[in-house]
Amino acid sequence: MITAAEPGFKSSPVTGRVLSYAIFGGLLLGVGIGWLREFWYRVFRTNKQVEAILGKDSIALLPRLPKTKKPRRDQPTGSESDDPRMVARGHDLSWTVIEAPFSRYAEEVRSIKLAIDVNRGVETNKVVGFTSSMPEEGKSTTSTAVALLAAQANARVILIDCDLRNPALSRHLAPRATIGLLEVLSGNASLDDAICRDPVTNLAFMPAVLKSPLANSSELLASDAMKNLFEQLREQFDYIVVDLSPLVPIVDVRSALSFVDAYVLIIEWGTTTVDTVQRAVHSARAVSDKVIGVVLNKVDLPGRLVPPSTLDPRHSTLCALVSPA
């Protein structure tokens, strides 16, 4: 007769061993996927990364801000004015430096202006061009914010839309303008006639009014008329902020070398790849030599701004940064 004793433990499955194998395998898989993603899709996320890869100073981390849904009722916009020479005062991100001057966004914009001021060792070093590797990285918004900040400090500032392929800044700040940069260059209008102004900060803005697409934009930027115009502007303004086209698709930025003293490169945080920026910088080495700093834009930071439209107009100068403890 064969008898069997009841075992004191399970022979299968060995739960502890299986569980440990599963955890270890999951960790390896997660690390492997993360490494592959970082290897195949490298993007800029830190100051140290910018400085190590590009060899340029990282001068600001502009936080990603919530988009405003509607303007304040007491604040007139440019659309409410029929004057084509008045800057359309909007409620987008660039105006945060005015609506929320103690916010983190405004402080980072001050860092950009400080980098520009520190770099001005030469008396004529006052023309600063803003560009990016690709479209939609925020160069126009950033250039407007810097210009507004400088104008608010009572400096004589002019912002010029030199993105002649896509003058989005002109459509935004001067939607009713009929005279601009091109008319001045052709001699059909005077400088004063082409300038729009913001009545609050006294910021001057020269739009680019396009009736049809330009095929010779790079030739216009490199022309003698453009050089003569900027020589005239140097005598009238303390800061000349130039919104340029992106580097990669268009060669216009290189055509502006004759009148731009320094460049600020805008990179969209966590989106624009390292390879894209490197290719853009290497394709325009003369521009790269004049880059005084890199700005990481649309950064996900712990703090969030209250949209300017939600601020009480009686307290618009108060801090609007909401941060967790």
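Which residues does Leu233 touch, not counting residues up to four places away in sequence?

Tutor: First, the ground rules. This is a predicted model, in which local features need pLDDT of at least 70 and side-chain atom pairs count only at pLDDT 80 or more, while totals for chains, interfaces and linings use all residues. Residues are numbered from 1 along each chain as its sequence is written, and side-chain values use heavy atoms, without hydrogens and water.

Now Leu233. Leu233 touches Ile158, Ile160, Leu191 and Ile240, leaving out residues up to four places away in sequence. Contact here means heavy atoms within 4.5 Å. Leu233 belongs to the largest nonpolar core, which has 47 residues. Ile158, Leu229, Phe230, Leu233 and Ile240 touch the most other members of that core. Such a core is a set of buried Ala, Val, Leu, Ile, Met, Phe, Trp, Tyr and Cys residues joined through side-chain atoms within 4.5 Å. Another core, of 41 residues, lies apart from it, and its members include Val157 and Ala262.

Next, Ser170, which sits in helix H6 (residues 168-173). Helices (H or I, at least four residues) and strands (E, at least two) are DSSP runs numbered from the N terminus. Ser170 counts as buried because its relative accessible area is 5%; buried means under 20%, exposed over 50%, and partly exposed in between (1.4 Å probe, protein chains only). A polar atom of the Ser170 side chain lies 2.7 Å from the backbone nitrogen of Ala208. Beyond four places in sequence, Ser170 touches Asp161, Pro175, Phe205, Pro207 and Ala208.

Asn154 is exposed, at 72% relative accessible area. Its place is the loop between H5 and strand S3 (157-161). Phi of Asn154 is near 70°, a positive value in a residue other than glycine.

H5 itself (residues 139-152) meets helix H4 (residues 104-118): their axes come within 10 Å and cross at roughly 80°. That makes H4 roughly perpendicular to H5, a label for angles of 65 to 115 degrees. The axes are lines fitted to C-alpha atoms over the stretch in contact, and angles run from 0 to 180 degrees between N-to-C directions. On the H4 side the contact involves Tyr105, Val109, Arg110, Ile112, Lys113 and Ile116. On the H5 side it involves Thr141, Thr142, Ala145, Val146, Leu149 and Ala150. By class, that contact has 8 nonpolar, 2 polar and 2 charged residues.

Technical notes
Angles under 35 degrees count as roughly parallel, over 145 as roughly antiparallel, 65 to 115 as roughly perpendicular and the rest as oblique. Ala, Val, Leu, Ile, Met, Phe, Trp, Tyr, Cys and Pro count as nonpolar, Asp, Glu, Lys and Arg as charged, and the others, Gly among them, as polar. A polar contact is a pair of N or O atoms within 3.5 Å; within protein, one must be able to donate a hydrogen and the other to accept it, and residues adjacent in sequence count only if both atoms are side-chain atoms.
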